[in-house]
Amino acid sequence: MSDYDSMWIDGAWVPGAAGTRPVLNPTDGSVIAEVAEGDADQALRAIDAARRAQPAWAALAPVERAAVMHRIAGLIRDHADPLARLVVTEQGKPIAEARGEVAGAAEFFTYFAEFARRIQGEIFPSDAPDEQIWIQRVPVGVVVGIIPWNYPAALVSRKVAPSMIAGNAIVLKPHEETPLSALYMARLFAQAGVPDGVVNIVTGPGDTVGAALTAHPEIDLITMTGSVPTGKRIMQTASANLVPVSLELGGKAPLIVMDDADLDLAVASAVTSRFMNCGQVCICNERMLIQEGIFDAFVDRFVEATRALRMGDPMLDTTDLGPKVSQPELEKVERITQEAVAAGAEVLLQGGRPDTPPVAGGNWLKPTILAGVRADMPIMRDEIFGPVVPLMKVADFDEAVSIANDSRYGLSAYLFTNDFSRIMRAVQDVRFGEVYINRVGPEALQGYHTGYRNSGPGGDDGIHGLDAYLRKKTVYANYSGRSPVALMPW
Ligand code: NAD
């Protein structure tokens with residue numbers, strides 16, 4: 001029995017009813033583990049376990065729930081090194097980034113544990129004497145969490161931590177290609193004393209396990225991070241049972257650089273934001289709008305800085321760029337790039353598969369930089385999610401904002417300028433859920449990670465992210481001994 005051939009349901013490790021599935025290392029294509037493959041019945045059993053466990057968990061004082069969460073945070077920090085290595089092994093991001101991800105995974109628990117004394121309600125004056133009306137926040141009940149492959153540890157925490165402090169029980173399904181970090185973390189949850197059934201990690205495919213979880217009539221919230229097509233499917237499924245959904249979907253972030261910007265800062269930020277995690281971040285710099293006065297200077301520096309990125313074994317501290325997560329993802333990015341070139345894009349930096357890969361058998365793709373694109377080309381409109389970026393010359397701020405806003409996505413947008421009025425106009429006019437001025441991501445725990453349009457309804461993090469895990473209850477507390485209606489002045 002390997003460490004990963006069972007999943008965590010109701011506090012027990014159970015083998016997958018549908019057998020196992022190999023998980024591949026993107027760096028060399030080798031099989032890392034055979035992972036439990038669940039089925040629809042197991043998904044339902046996990047929901048049952050969550051429903052049974054939730055009332056006792058909710059009945060604990062929030063500080064008691066927080067104590068368990070602080071223990072989880074401590075255990076994640078104690079296990080930071082093996083967990084970061086596991087993230088690299090199953091997902092392929094460079095180890096330095098994986099360490100950051102794991103630090104974030106711990107911080108989510110610390111941050112949300114701090115809400116133990118801060119989940120507030122409101123009291124309103126009644127229209128009748130001797131009566132109070134108050135609105136309190138209560139747990140929603142059972143949460144289903146569905147996550148993608150690009151942050152296999154941090155996204156577990158992003159869903160589990162707010163669920164726990166709110167007093168809910170959760171069933172979380174990691175992506176079938178990157179389930180190892182979630183299963184590793186399940187062992188830490190058990191060690192920290194999470195009661196049976198309060199957190200369940202089920203593994204398996206989206207179209208069986210994921211579909212069964214999200215179609216369950218007795219769940220109270222679906223929080224999903226992933227692609228737009230899956231998000232739409234989940235929303236449709238949930239609508240049959242009127243279950244609320246919070247969807248964090250794709251992005252097509254514009255990065256605008258004005259002629260007065262600090263060029264060094266803009267270039268370094270644009271490189272980081274495009275190429276971190278091999279371009280596989282929902283808030284990545286996906287299209288660049290550069291003002292014409294600095295276009296040539298910016299392009300020279302951007303190409304040079306990109307060329308200097310070190311592609312290599314992601315386990316090495318010296319590596320900037322690891323492999324793509326999978327062959328299908330690599331082929332998708334190749335296809336998008338070839339179509340752009342066929343449609344007339346000019347290649348400023350030729351990417352593609354390296355002649356001599358850093359490690360044989362991996363999903364290697366060198367950075368590509370394109371210019372000569374039009375705003376209506378698919379490369380400027382569709383999410384790339386890889387190490388390829390188009391640059392477009394714009395005449396002025398207004399043109400940049402107009403192209404930025406002309407997108408079916410609306411997650412994050414970046415602006416580099418030192419002009420106060422442009423900054424304020426961007427804040428006012430850019431229609432995205434996150435606007436970054438003179439910096440790029442990552443987003444902050446206390447912010448609200450939310451997208452407009454096809455980037456999905458809902459959001460994560462901060463007080464507003466937590467609010468999705470709570471519902472409101474209005475209480476009319478009358479102590480007059482008479483009907484309040486008779487006492488009302490109108
Ligand atoms: P995906 O939609 O293919 O998969 C996401 C999850 O949904 C997986 O766990 C999958 O098994 C599950 N799933 C698939 N079909 C399902 C179904 N019918 N019912 C229930 N669950 C189902 O996405 P992906 O390829 O893993 O992730 C990449 C996408 O995620 C990109 O578009 C990226 O922008 C987006 N993303 C968004 C954010 C954000 O916060 N907005 C963060 C990270 C990634």
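The axes of helix H2 (residues 62–78) and helix H6 (residues 180–192) come within 9 Å in this predicted model and cross at roughly 135 degrees. H2 and H6 are therefore oblique to each other. On this scale, angles under 35 degrees count as roughly parallel, over 145 as roughly antiparallel, 65 to 115 as roughly perpendicular and the rest as oblique. Axes are lines fitted to C-alpha atoms, for helices over the stretch in contact, and angles run from 0 to 180 degrees between N-to-C directions. Helices (H or I, at least four residues) and strands (E, at least two) are DSSP runs, numbered from the N terminus. The model is a predicted one, in which local features need pLDDT of at least 70 and side-chain atom pairs count only at pLDDT 80 or more, while totals for chains, interfaces and linings use all residues. Residues are numbered from 1 along each chain as its sequence is written, and side-chain values use heavy atoms, with hydrogens and water left out.

The crossing of H2 past H6 is right-handed. A crossing is left-handed if the near helix is turned anticlockwise from the far one by less than a right angle, and right-handed if clockwise. On the H2 side, Val68, Arg71, Ile72, Leu75 and Ile76 meet Met185, Leu188, Phe189, Gln191 and Ala192 of H6; contact means heavy atoms within 4.5 Å. By class, this contact of H2 with H6 has eight nonpolar residues, one polar and one charged. Here Ala, Val, Leu, Ile, Met, Phe, Trp, Tyr, Cys and Pro count as nonpolar, Asp, Glu, Lys and Arg as charged, and the others, Gly among them, as polar.

H6 also packs with helix H5 (residues 154–166), the two axes coming within 10 Å and crossing at roughly 40 degrees. That angle makes H5 oblique to H6. H5 passes H6 in a right-handed crossing. Val156, Ser157 and Val160 of H5 make the contact with Ala182, Met185 and Phe189 of H6. The contact of H5 with H6 has five nonpolar residues, one polar and no charged ones.

Ile256 stands opposite Leu415 in E18.

By class, the contact of H13 with H14 has three nonpolar, one polar and four charged residues.

A further open sheet has three strands in the order E5-E6-E23, with antiparallel pairing. Its edge strands are strand E5 (122–125) and strand E23 (470–478), each of which pairs on one side only. The twist averages 20 degrees from one strand to the next. E5 and strand E6 (residues 131–139) pair over four bridges in the antiparallel sense, and Ile123 stands opposite Trp134 in E6.

A search of the whole structure finds nine aromatic pairs. The rings of Phe298 and Phe302 have their centres 5.8 Å apart and their planes at 15 degrees, so the pair is stacked. Rings of Phe, Tyr and Trp (its six-membered ring) pair if their centres lie within 6.5 Å; planes under 30 degrees apart count as stacked, over 60 as edge-to-face and the rest as tilted. Phe298 and Phe302 both lie in helix H10 (residues 295–307), four residues apart, about one turn of the helix.

Technical notes
Pairing = 2+ DSSP bridges.
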